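Reader: I would like to learn how to read side-chain features in a model. Can you take me through some cases?

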Amino acid sequence: MATLDELLHAAVRAIGGVERPGQVEMAHAVADAIAKDEHLLVQAGTGTGKSLAYLLPAVLHAFDTGKPSVVATATLALQAQIVDRDMPRLAEAVAPLLGRHPTYGLVKGRRNYLCAHKLQGGFPDDEDGLFEVADVDQQASRLGKEIVRLRDWAEVTESGDRDELVPGVSERAWRQVSVSAHECLGGTCPMLAECFVERSREAAKDCDVIVTNHSFMAIDSFEGRQMLPEHDLLVVDEGHELVDRVTSTITDELTSSMVSAAAKRAGRLAESTEPVDDAAVFLQGVLDELPEGRLNGIPDALGLALARVRDTTRQLQSELKPDKGVEPDGARKVAQAAVEEVFENSARILEQRELDVVWVNRDPRRGSVLRVAPMSVAMLLRDKVFGDRTVVMTSATLELGGTFDAVAGTMGLRGEGAPTWRGLDVGSPFEYPQQAIAYVAQHLPPPGRDGLSAQTLDEIEALVRAAGGRTLGLFSSMRAAREATEEMRRRFDGDLGFLCQGEDQITTLVRQFARDPRTCLFGTLTLWQGVDVPGSACQLVLIDRIPFPRPDDPLSSARSQAIARMGGNGFMAVSATHAALRLAQGAGRLIRRSDDRGVVAFLDSRMMTARYAGFLQRSLPPFWPTTDRERVLGALRRLDETAPPVLAVHEPALRGVAGAVAATTMGRTGEDSAEHPRPVAADPPPAESARTAVTQGHAWTPESDEELRDGVELGLSLEELAESLEVPAQVVAARVSGLGLQVSAETTLAFE
């Protein structure tokens, strides 16, 4: 088999890139960690090419062991990049050296896919009459139009993946065509064979590399559902996000409306719903009386209300159990899921686990919400994620203050009993001081709690006007992002375009932003990381304020207090560290290639004046620093005047069942993919390998080859073979060529 260096050289050459020392060092470090079965934390700056550096060793490991390698990311954008761009080009480049094309698949949580059974009316609608409204009068509402669109799309999609649908639809509409894991009928579903989720997971079993997200990986690890195939290598990209994503995954909540909704779901199937409704009313009254914020213990009144919710829903659970030997239908399954969630959440809060933090917050739409989350997930990660496989953790921001210790500690990699790990920083290839300016608007007043000041809005206008658009605005709250968007729309009056997070799916908004240089995109946390817009479309990144966690954030305050009790500096360990990571990620949106130029503008004067300013500054890439406003405005004008055309935007496409772009042979993308399907390797995989050749999103097995040979011997045409195998004719033609089989000249000409 080819060496890692040979594969890396081939892959880099195929994408028209240049091998970078950091990339080579990282690739060998990953391979070494796999060989030694030890964990690796590797910081790789933007432009290192870190995805190739871990994907190639992952592919080699899959070929060697017959087990897939799993890659987990925090953002949809990076998942799409790996599946749509990185793996296709890598597979094409290394296939001649490996004897076949490496295969890959995309696996997500159930809520990300259409539910075929729900589309056919197998589940009750979340809101009465929505489908009837959509069928009878498409103009009745935006929701009705969206549902009609979803049903039309369901007829053509092969993957059922929500991200394939552009433009996207509202969450309210998506709920009408999807189900949660708790609601799913599983193996008893009458449409199991058509299930998009089951088909994607089945296809993933025959892939070398499986791409998923942090939350899905965590649920698979923690709950033992075995949603991912057996594997002994896990790569966690965007590793700085892992702790927050895992914490979010195991955060539970309870509202009186959830309790009432559960009772309503069970209303036609059980008799004991009235006590549950009464418990919901009681809970509402108690929650509304509690102050917003963290609860130090469970007050007596709340304990009584929670106990009533727990006990009444336990009774409801008993009544909802179907008769012995009878499988639940969709309506019963939805009711069971709703009641089970309320029961489990109320029971957990009453349990008062040692590390759990409980708090109340007021949601403008939902009212009083009771939430519970663990203060630390370190031991959970140590046991469930790092316990029985090799883990490679990578990001551009894993090292703080010159050490990995802070990040490693949050993941359970420090202290007694911690597993062996190694930290490595491979640097960045960019010349940051020559490529970018870090500007602090020191003349602005410190940010307040009353929204953006008039001076700050004036500063945003001046910077955006000088840049001619081309601006990514990163705000600390959605309120600020919306305020800035509306004000800039008013001030520019159509001269420039302004997009705001929440107006469509993030991926759709980012593509709109990347296509038009005279467009700005404003948003909050999701945009601080994972957004990759190289070239002249993004030459200004605005950061409105230092992204500290809110002072009343229950988890952050609990962590700070715990550290202070142990004699540490809670503010620096929690709040400042959180801000440093966010700032580094946000500033990293600017320089994505070696020829990118631009400005990161911090509209928070504390970046220069506060006692912790030096710590925050050292967390940033080494941009050229200044507080000179006129110099910055002049630089932005010159960049706008000399900017080259924006780069072509990678557009979404229909996906195959494994998540790969349809009409490609797991490797070719672009307009010519349908005309030039990639030939499958001449030799099939060794019998002992679990991997199979996958083409156009269709898994190709040894049984498929046998059926193909039999069909050729019978003299079937390509069209007849394609119909028999239920795959496109191009796929059959490629496999016929790869196996050295012959079909009649007449048939071949007819196909061509």
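Author: Start with Y612, which counts as buried because its relative accessibility is 11%. Buried means under 20% relative accessible area, exposed over 50%, and partly exposed in between, with a 1.4 Å probe and protein chains only. This is a predicted model: local features need pLDDT of at least 70, side-chain atom pairs count only at pLDDT 80 or more, and totals for chains, interfaces and linings use all residues. Residues are numbered from 1 along each chain as its sequence is written, and side-chain values use heavy atoms, with hydrogens and water left out.

Reader: How many aromatic pairs does a search of the whole structure find?

Author: A pair of aromatic rings is described by the distance of the centres and the angle of the planes. Rings of Phe, Tyr and Trp (its six-membered ring) pair if their centres lie within 6.5 Å; planes under 30 degrees apart count as stacked, over 60 as edge-to-face, and the rest as tilted. The search finds nine. One of them joins F548 and F571: tilted, with 5.6 Å centre to centre and 50° between the planes. F548 lies in the loop between strand 16 (540-543) and helix 22 (554-565), and F571 in helix 23 (residues 570-587), 23 residues apart. Helices (H or I, at least four residues) and strands (E, at least two) are DSSP runs, numbered from the N terminus. F571 counts as partly exposed, because its relative accessibility is 26%.

Reader: What kind of aromatic pair do F548 and Y612 form?

Author: Edge-to-face: 5.2 Å centre to centre, 85° between the planes. This pair also links distant parts of the chain, 64 residues apart. Y612 is in the loop between helix 24 (606-609) and helix 25 (613-618). Elsewhere, ring pairs link F475, F492, F498 and F522 into a cluster.

Reader: Where is T157 found, and is T157 buried or exposed?

Author: T157 is in the loop between helix 7 (142-154) and helix 8 (171-174). T157 counts as buried, because its relative accessibility is 8%.

Reader: Which residues does T157 touch?

Author: Contact means heavy atoms within 4.5 Å. Not counting residues up to four places away in sequence, T157 touches L114, E164 and F196.

Reader: Which residues of helix 9 are buried?

Author: In helix 9 (residues 196-204), they are F196, V197, S200, R201, A203 and A204. Down the axis of helix 9, these buried residues fall within an arc of 160° (taken from the directions from the helix axis to the C-beta atoms), so they line one face. They pack against strand 3 (104-106), strand 4 (209-213) and helix 10 (214-223).
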